[in-house]
Amino acid sequence: MKDSLDLAAAREALAAQPFSNLLGTRLVAFGKGEAVLELEIRDDLRQQNGFVHGGVLGYAADNALTFAAGSAVGARVLTSGFTIDYLRPADGTLLRAHAHVVRAGRTRVVCRCDLSTVDAEGTQTLCAVAQGTIAVRGTASGGATGVPADY
């Protein structure tokens, strides 16, 4: 994969993730420190009470945070860690994860993600927020950023 990403290259990166394909995730916006992922809410993504499973929300936050960071600093990024706060049960027809960079440093990028559901009438409801730290991996020639190339 090349070091810099545009929307087409970012979509290729998403398509290379088998789990994202399984869920049917789409990258609908990418660039300038922002990324938006969407996926259709299906019954097999719900938990026993009928709401979207928290693991699906966590996946969407993780991926959106990392794509937002990648749009700012390039493709050599990995999630270092994130937290998520569930604000209300997620229900609707579409899950949208909108992430943006808060601060991009040389070796770490801090991002925030708002997770919303959209219902059949188009009403968007914020259901969770996440914040993450994304590691900028070193170059293949040996860690120009101070992070080992095989991080």
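Reader: In what order do the six strands of the open sheet stand?
Author: This is a predicted model, in which local features need pLDDT of at least 70, side-chain atom pairs count only at pLDDT 80 or more, and totals for chains, interfaces and linings use all residues. Residues are numbered from 1 along each chain as its sequence is written, and side-chain values use heavy atoms, with hydrogens and water left out. Strands are DSSP runs of E with at least two residues, and helices are runs of H or I with at least four, numbered from the N terminus, while two strands pair if DSSP finds at least two bridges between them. The pairing in this open sheet is antiparallel, and the order of its six strands is β1-β2-β4-β5-β6-β3.

Reader: Which strands stand at the edges of the sheet, and why is one side of each left without a neighbour?
Author: A strand at the edge has a single partner strand, so one side of it is left without a neighbour in the sheet. The two strands placed in this way are β1 (26-31) and β3 (77-86).

Reader: Over how many bridges do strands β4 and β5 pair?
Author: Strand β4 covers residues 94-104 and strand β5 covers residues 108-118. Within this pair, alanine 99 stands opposite cysteine 113 in β5. The two strands pair in the antiparallel sense over ten bridges.

Reader: At about what angle does helix α3 run to β3?
Author: Axes are lines fitted to C-alpha atoms, for helices over the stretch in contact (heavy atoms within 4.5 Å), and angles run from 0 to 180 degrees between N-to-C directions. Helix α3 (residues 54-73) lies across β1, β2, β3, β4, β5 and β6 (124-136). Its direction relative to β3 is about 135°.

Reader: Which residue meets arginine 96 in a salt bridge?
Author: A salt bridge here is a side-chain nitrogen of Lys or Arg within 4 Å of a carboxyl oxygen of Asp or Glu, and the N to O distance in this one is 2.7 Å. Arginine 96 lies in strand β4 and its partner in strand β2, so the pair ties together parts that are 58 residues apart in sequence. The partner of arginine 96 is glutamate 38.

Reader: Is glutamate 38 buried or exposed?
Author: Buried means under 20% relative accessible area and exposed over 50%, with partly exposed in between (1.4 Å probe, protein chains only). Arginine 96, at 22%, counts as partly exposed. Glutamate 38, at 11% relative accessibility, counts as buried.

Reader: Which residues are linked with Glu38 and Arg96 in a network of salt bridges?
Author: The side chains of arginine 26 and glutamate 40 meet in a salt bridge at 3.1 Å, N to O. The residues linked with Glu38 and Arg96 in the network are Arg26 and Glu40.
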